[in-house]
Amino acid sequence: MEQENHGTLGTNSAQEGHAQHWDRRRSFRVTVPARASLWSKGQLRGRYDVHDLSIGGCSLSGGPAQKIGEKLDVILHLPHRAAFPIEATVRRADADSVGLRFERATPRAEDCLQDVVVEAYTRDHAGSGHV
């Protein structure tokens with residue numbers, strides 16, 4: 001079976017497999033009470049609950065299935081913030097959830113995502129000595 005190269009560093013397939021696994025998890029994931037609307041070519045493709053969020057993407061549930069590799073426009077509705085758009089690619093899809101990787105985020109979107117992730121991480125780890 002041929003492995004897909006995602007541009008990670010490595011000199012053999014064992015190293016590449018490890019690097020690819022690490023690349024998928026390079027951002028902290030947090031749970032936030034948020035919603036997302038997915039759009040493609042001006043058509044609403046579904047409304048979802050955000051299962052988890054990171055600076056690099058999110059996992060969604062509660063909406064229709066999407067096709068892996070599809071490019072979508074996402075409107076994120078995050079707590080205590082104005083909704084904002086961000087482009088994304090479907091990286092994982094099954095009957096229950098959709099995994100998105102964010103693409104070409106504006107500076108405003110990057111700042112907002114970072115703020116939400118840091119706030120949620122801090123809230124979730126307050127008092128644990130890990131912040």
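Predicted model: local features only at pLDDT ≥ 70, side-chain atom pairs only at ≥ 80, totals over all residues.

Trainee: Where is glutamate 103 found?

Mentor: Glutamate 103 belongs to strand β6.

Trainee: Which residues is glutamate 103 in contact with, leaving aside neighbours within four places in sequence?

Mentor: They are Ile86, Glu87, Ala88 and Thr89. With threonine 89 there is also a polar contact between side chains, at 3.1 Å.

Trainee: Now arginine 81. Why does arginine 81 count as partly exposed?

Mentor: Partly exposed runs between the buried limit of 20% and the exposed limit of 50%. Arginine 81 has 25% relative accessibility, so it counts as partly exposed. It sits in the loop between β4 (71-77) and β5 (84-93).

Trainee: What does arginine 81 touch, not counting residues up to four places away in sequence?

Mentor: Arginine 81 touches Cys112, Asp115, Val116 and Glu119. Take cysteine 112: it is 31 residues from arginine 81 along the chain, yet their C-alpha atoms are separated by 8.2 Å.

Trainee: On to cavities. How is empty space found?

Mentor: A probe the size of a water molecule is rolled over the atoms, and this shows where empty space is left. Here, searching the whole structure gives 1 cavity of 30 Å³ or more. The volume of the largest cavity is about 30 Å³.

Trainee: Which elements give two or more residues to its lining?

Mentor: Strands β3 (57-61) and β6 (97-103) do. The lining residues include Tyr48, Leu60, Asp94 and Val98. By class, the lining has 6 nonpolar, 4 polar and 2 charged residues.

Note on methods: Residues numbered from 1 in each chain as written. Heavy atoms only, no water. 1 Å grid on protein atoms, 1.4 Å probe; cavity = no way out; pocket = protein on both sides within 12 Å on 5 of 7 lines; lining within 4 Å. Points joined across faces, edges and corners; volume = space filled by probe spheres on them. Helix = DSSP H or I, 4+ residues; strand = E, 2+ residues; numbered from the N terminus. Nonpolar A, V, L, I, M, F, W, Y, C, P; charged D, E, K, R; others polar. Polar contact = N/O pair within 3.5 Å; in protein donor to acceptor, adjacent residues only side chain to side chain. Contact = heavy atoms within 4.5 Å. Buried < 20%, exposed > 50% of the residue type's maximum accessible area, 1.4 Å probe, protein only.
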